[in-house]
Every structure is written in C-alpha cells, then in structure tokens.
Amino acid sequence: MVALLQLKKIRKEYSGVAVVRDINLELESGEAHVLFGENGAGKSVLISMIAGASRPSRGEIYFKGKRVNIWSVQDARRLGISAVFQEFSLIPQMTVEENLFLGAEITAAGLLRKSLLHAMAAELLASLDFDISPSRRVDTLTRAEQQMVEIAKAFRSDLSILILDEPTASLTQHETQRLLLLIEKLKKQGVGIIYITHRLAEIRQIGTRITVLRDGHYIDTVPAKTTDEKQLIKLMTGRSVEKIFPALPREIFETLLAVNSLTTKDGSVKEASLHVRRGEIVGLAGLIGSGKSEFAQACFGMRAWLKGSLVFKEKKIKFNSAGYVRIASMLRAGFLYLPSDRREEGLMMMRSVRENMSLAALKKKPFSNGVLLNKRAEVKKTKELAKKIRLSPPNIESAVELFSGGNQQKVMLARCLSQKYDLIVFDEPTVGVDVGTRIVIYEFICELCKQGSAIILISSDLPEILNLCHRAYVFYRGRIQSEHSGVAINETNILSSFFGKGALA
Amino acid sequence: MTEFSNEEEQKMPQHKNHTEFMGRKGFFLSLLQIFRSLLIRVGVLPFLVLACLLIFGILSDNFLTVRNLANVLRQSVYLVIVSLGQMLVLLTGGFDLSVGTIVAMSSVVGALSMTAAYAVIPEMLWLVILLGCFGGVAAGMLIGVVNGLGVAVFNVSPFMISLGMASVGFGIALYLTGGVPVYGMPVEFSDIFGFGVFYGIPVPVYFAAFITVILSFVLYRTSFGRYMYSVGGNIKAARLSGVSTKLTLFWTYVLCALLSSVAGVLLTARLDTGEANIGSKLPLESIAACVIAGVSLRGGVGRIESVVLGALFIGLVQNGMNLARIESYLQTVVLGLLLIFAVIADQIRLKYISSSRG
C-alpha cells in the first residue's frame, strides 16, 4: 500500500544553519502520527513545510506516491492538507461563520449568500459536535472554542491530512477528550493526522506511531501503544530520566493565606473559601472559566472583590474603593502570581533576560536601594538564577524572544527567585512546555516549597494535580466544588467534581 | 554518528563550489554578508550618517568644515532635546504629537511673562529672566500633565490625546499673541541663552549635554527608568510585577513636556521673540529622529546615544541640503522619505535578525 504522505530527506536551513536535517517521515491514511521532541527540536518547522507555510531547502515530498511541491498554503489545501497552528488565524472582530468561510465565500452576482453560508457553517459545526453558534463574534469565545473554530475551518473542504500543533495546550480535560474523540472519528474516515503534543497520556490514547526528533535530527519511529514513558523521554532528551514528578516535601507549617467567601464583582468566583499553609502545594483544578485562575487573580489584585475577606500572614488585607487589592503591597508582603500566558502577561519579549527576571524586585536589595539601581548586583544575581533554572543558552543579556518557549517559561518562573516570596501562585506553569523542561519546573516548585514557601498550583493538566499537590480544590462555575487531600486526590474524585456532580460543599 | 557523517558529505561539495567562484562574485557575496551583519548589529543610522557625509561632502565644499559642523551642532540642539522627550514617550509605547505645541506654548508664555516682568521690575534682570523661563516651562508642562492624565487615568490613546492637545495648545498660543511675534524681552536673555558662548562652546549645547547626561542616568540607573522600558515592553507584565503603570505613564508625558518646554525657551532666546509657529515641524522631526535611531514604535526599545545621533543626523541632512541649495519645499519631501526609508530598513533588519536565528 502506498503511504498517504512521504517525506524523503527533508532539510531546512536558515542562513546556512540547518534546523531540520534530512528527515524521513511516512504517514499512512487513518493513522495518527505523533511528532515528539523538546521545544526547538524542529517539529514546528517540519509541519510548516508540510502545510506549505515554508519551503524545504532540500528533499522530496510524495503525496499518494506522486512527487509534489508544496510551495504555498494553497498548494497544500489543493491536496487536502490543513494545519491548525498554535497561533490562531482567526479574525477576532468577525463572526464564527465569517471566519469559517474567509477566502472561500460563496457569492451570487457579487453579493454574499449570507443565509446559505450561515446554514453551511451551522452544519459544519454540528457535524463535528461543536456547540458554538455561527453568529457569535470570535472575540467573545473562549480559547478552547476558538480552537474548535480553527479546527472546523480545516474541514470546510475535503480533508486528507490534518496537522495539529499542540491542540490541547489551552484545552481543559473535558474539551481535550472531545477533541481526541473527534480525532478517532477522523482516523476511521481515513484521514491522516500529524499531531504534536507534549502530553504522554494523549499519545497513548490516540497515537499510532511516534516519530522522535532531537535538535533537528530524526531519532526514531516507534509504535505508540507499546513504547513506555521512560523510553520516550530517553529518546527525546538523549538521557534517561527516572521520574517525572519529584517527591513532595513532608513538613507543613502555619497557615499563610486564608480566604473567606470570596465573591468577585464580575461573578467569576462565588463564595469561595480556602486556606494555604507554609510548606504546602495546593492545587486548584477545574475547567477553564471555572474560577480557579480568577480566584488567585482576585487575591493578587487583578480582579475586583464584591465581598469576602483575605488574611495573609495574619494580616487582614484591605481593598480600595473599586474593590481591588493593591498588587504592589501584595508583592511587598510576599505574595507573587505568575500568569499563564507568558507572552501576553508575563514577559517583555524584546527586553533582556536580566531585566525580565529582576523587574518585580527592582525596588529591593540587592537590585537597588529603592531608587538607584545596582547593576553589578543585578547581573550577579540574575546569572545565579539563570544557572539555577538551567537556562540555555545561559546568556542573560539576550532578548527573551530569542529563546525557545521552554526557556522563556523558565525565565518567567525565575521571577519568583529574585526575592523571597512566602506564597507563589503558578498559573498553568507547563503549558506548551516539553517534558524535559517540565521536569525542571516540577523540581523547581518542590524546591521552593521545601525552602518554606507555600505554593498554589493552578493547572488544567490533571497529572500535575494528582502528583504534585498535598491538597486540591476543584472549582466549578465559580464555586469550590470539593476539597481533597493526600491519597484522596485521585482521578475519579477530582473528575467527578469537574462537572458539578459529587457535590461536597 | 550516522547523522554526522551525512553532514560532512554535504558540506564538502559546497565548499568546492565556493572556492571556484571565489572571483568577483565571491567578493560581492562576502561584502553583502559583512553589510548584513553590520546592519544587524548597529542598525541603519551609521550607514545613513556615512552616506550623508559622503553625498553632501561631494556636493558642497563648505559642508565638511569644522565651522559648518559646529554650526550643525548648535542648530540641532533644540531637536536633540525634543527628540529625547519624544523617545521617552515612544519607549512606553506611546506617541506625543503635541511636542511642537508645547514648544510654541513655552515660547509664547515665556516671552509674554518675561516682557511683562521686565516692564514692572526692569532693574532685577535675573529675576525677570527666571520668571520668564519658569512661566514658559510651566505652561508647556501643563500640556504634558493633560496628556499624562489622559493616557494614564482615562485610557485615551496617546495618538488622540496628544493630537487634541496639539490643537488646543496651538490655538491658545495664537490667541495669546494674536498671531504676532512677542518682542520686548531683555537683550541679555537672548545674548546669553541664545547666542552665548562659553569656553568656545555655545550655551545651548551645554543644556543639551546636561540633559543627555541626566537622562542617561535616570533611564539606565534608576528603577523609574527601567519602569518606562517595562511599561512599553509589556504593560500587563509590568503591572503584575508591581510596577505602578499609571504613575510611570503620567510622569513620562510630563517629562517629555518638560524637555520640550526647555527646548522652547532656548529657542525663544535664540530667536529673541516668542512665536506660536516655531514648533510645527517638530512632531515629525522628533519621531523621525527616534525611529531612524532604532527606537521601536511598539515600545520598549531605544537608547539615548542613538537618539542624540539621530537628531544630529537630521540636522546634518537639513544643513547639507541648504548648502547644496535644495529648495526648502523639496527638503520636506526628503525628510519624509528618509523617515519611511528608515522604517523599511528597520523592518528588513528585523527580518535578518529573525532569519539568522532560524
């Protein structure tokens, strides 16, 4: 049988430097082929060549046995190849249906056939089981819904190959399951799927074969069902790793943060009460929009309070007249929130690693005496931090945008080391981060905890909640649905509260 | 290991080709490479300065003389100061289109208050000059305060608020003077601050140098300076890091207005009159000076040294065109083209940078 798609010795160079070196890849129809590798291994470049977004410097591509040139996205479309990239290609000010048929509108005498397009859009979404109204504006959708629209867009013409670049990075467990079911359905229809993910559970569930890349080199292709975790990580990193999750520290001390019936003005959090103790990692689980991130944001001063009380280090924290806690005074008291979206809220991409790391502690020693900066101390301290988080390359004067995604994440997380914080909130600390970097981040969180900080870990990645938390709260529609600790933090318990069932509080 | 040997094989023939063509083609190719890496490292400005010196040096014999270049330096002082203010605002991701109006306001109000004070207390000369300068700077800064409040507190886009204030301020300046230049300031004011020379260097140059030094210190050595970069770099990240973004934005606009006002007062001394029309070209010229010097219009990137050089470059071009007898109407065309060219060159540079890292 002829393979659906075959790449032979594909190579891509940027100004003489090869980022993808002589890669062979074979995709059968009805197969989900997983590309696996660390950030910067060349996965994204490889799929951009298949999708026609960039041209290979050398090598041949065969589609159903015939040699083809895929020199543009249009060429790819003609062959039935569609890609869903991490960066969405949706226009936020337009409706779902307008986006779905952008560039392929149906007109009669030069006028748009709006009712027909609307019907087609509704049909398309229904056939994929996506519960989104076609007339909604894209900027009113959640990120997960936007992802669905993006996927639906790939289906507006005949589809033979679907490329998905980390499609579940911003999805919750539930939405992920729906997407994976959809992929199963596509496989049965004979669509070939190229899938990039860092999540091992997904690979196990839908993957047929896995091709591992490292530094632009082809390493191996292995069957997905029978290859175990350790083996995969070894192939990916080139070294063997014993465990992904470190052992949790045991000692727990006094209560640091106590929140009583917090209700936010926008209604995203309702009557939520919780406490966090020193030396403890507390997980907040739930769907996106369930209030888990919003809860921490309200405590840090990013969202307005309607009512409730906040006690941090035995001091009652006051709100201003608009209902906000002051961010600067929370920071001074030792409370830090690290946002989930490093590009949007976390980093100054064009500034250096040094400036990014020191920003939150700039008014404190050793970085300054309050007004005047001490540059030498700043350089020394940030160099130490870069070493600690294993920044690669370890150049603290380079702009953050020049680093890979995983290293950017590390730079942002290092902000919590620039001074001593008592409570650190990590909001989705491992989104879009490869397993090698994940291990570093997990160790890092545990280390902080051991040194006497309290940690709040907000995560949509269930294994993190299960393996890295002393206690966990599950949020549902703005309320805390249940609280679990120790061995009671297991998949059944947590998932049962995800959708409002098994109510406890 | 197999991958390694593969690579060796592929490099070899390439190398052979290279040596075969090492004639003219190879030379130009490597020249292009050098040009590329230089462009990436230093930006477009040094190339522009070089080209400018070369072209006008050929077109006019008087251009590359010490006297002429010193003249350029003296004439460019005002643009240098205004451009530094503009740069601060650009760093935070904004614009200030009202710098011209601020210069006009400080000139008119400064001249008016100085003449008024001179009429009342002609014997206290220094107090008169001081009062005049103070009045001018205060009037200019008032526009900056409104800009700052609009941007920081009311979230008005910098483009709109400064455009609106440009109109408001210009109107007030015209209203105050009736459109006629203001005369009657003490001659000493003009003699010292406009034409004075101290140890062979014109007095306004001292002001520009002093401002440059102080501003370098503020921008590079204080937390406030770092905050200006951070607000332009990523305002959300800055807020989450405890930076008071509102205060930072407010003071940035006030600081820009302060610098523009000082330029306005110095210019008044040079012209010996207060005029409402003197700043009309400054918004374009100051933004051009910054952009040519590599200040990013998206905020967060820019250096003082480059901006000073950028402003001097614009002065150099204007002077060169004067010497080459290029009509003043055409000079405006050249300036606009230069600005566009610099932005395009900067885009190309960004492309080089991103392609060289792959």
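Q: Which residues form a nonpolar patch on the surface?
A: Start with the model itself: it is predicted. Patches on it are built from nonpolar side chains that lie within 5 Å of one another. Here the members are F27(B), F28(B), L31(B), I34(B), L38(B) and V42(B). Together they have about 560 Å² of accessible area.

Q: Where does F27(B) lie?
A: Look to helix α2 of chain B, residues 24-42. F27(B) is part of that helix.

Q: How many aromatic pairs does the structure hold?
A: Rings pair if their centres lie within 6.5 Å. Over all chains, there are 13 aromatic pairs. One of them joins F300(A) and F335(A), with 5.8 Å centre to centre and 25° between the planes. Planes under 30 degrees apart count as stacked, so this pair is stacked.

Q: Which parts of the chain does the pair link?
A: Distant ones. F300(A) belongs to helix α9 (residues 292-300) of chain A, and F335(A) to strand β18 (residues 335-338) of chain A. The two are 35 residues apart.

Q: Is F300(A) buried or exposed?
A: Buried means under 20% relative accessible area. F300(A) counts as buried because its relative accessibility is 0%. F335(A) is also at 0%, so F335(A) counts as buried.

Q: Which residues form one aromatic cluster?
A: F300(A) and F335(A) are in it, with F312(A) and Y337(A).

Q: What lies over the face of Y62(A)?
A: For this feature, look for NZ of Lys or CZ of Arg above a ring. K8(A) lies over Y62(A), 4.6 Å from the ring centre. R351(A) lies over the face of Y229(B), at 4.1 Å from the ring centre.

Note on methods
Residues are numbered from 1 along each chain as its sequence is written. Chains are lettered from A and ligands numbered from 1 in the order in which they are written. This is a predicted model: local features need pLDDT of at least 70, side-chain atom pairs count only at pLDDT 80 or more; totals for chains, interfaces and linings use all residues. Side-chain values use heavy atoms; hydrogens and water are left out. Rings of Phe, Tyr and Trp (its six-membered ring) pair if their centres lie within 6.5 Å; planes under 30 degrees apart count as stacked, over 60 as edge-to-face and the rest as tilted. Helices (H or I, at least four residues) and strands (E, at least two) are DSSP runs, numbered from the N terminus. Buried means under 20% relative accessible area, exposed over 50%, partly exposed in between (1.4 Å probe, protein chains only). A charge sits over a ring if NZ of Lys or CZ of Arg is within 6 Å of the ring centre and within 35 degrees of the ring normal. Patches are made of residues with over 30% relative accessible area and no salt bridge: like charges are joined within 9 Å, nonpolar side chains (Val, Leu, Ile, Met, Phe, Trp, Tyr) within 5 Å. Accessible areas come from the Shrake-Rupley method with a 1.4 Å probe; for residues, only the protein chains shown count as cover. A salt bridge is a side-chain nitrogen of Lys or Arg within 4 Å of a carboxyl oxygen of Asp or Glu.
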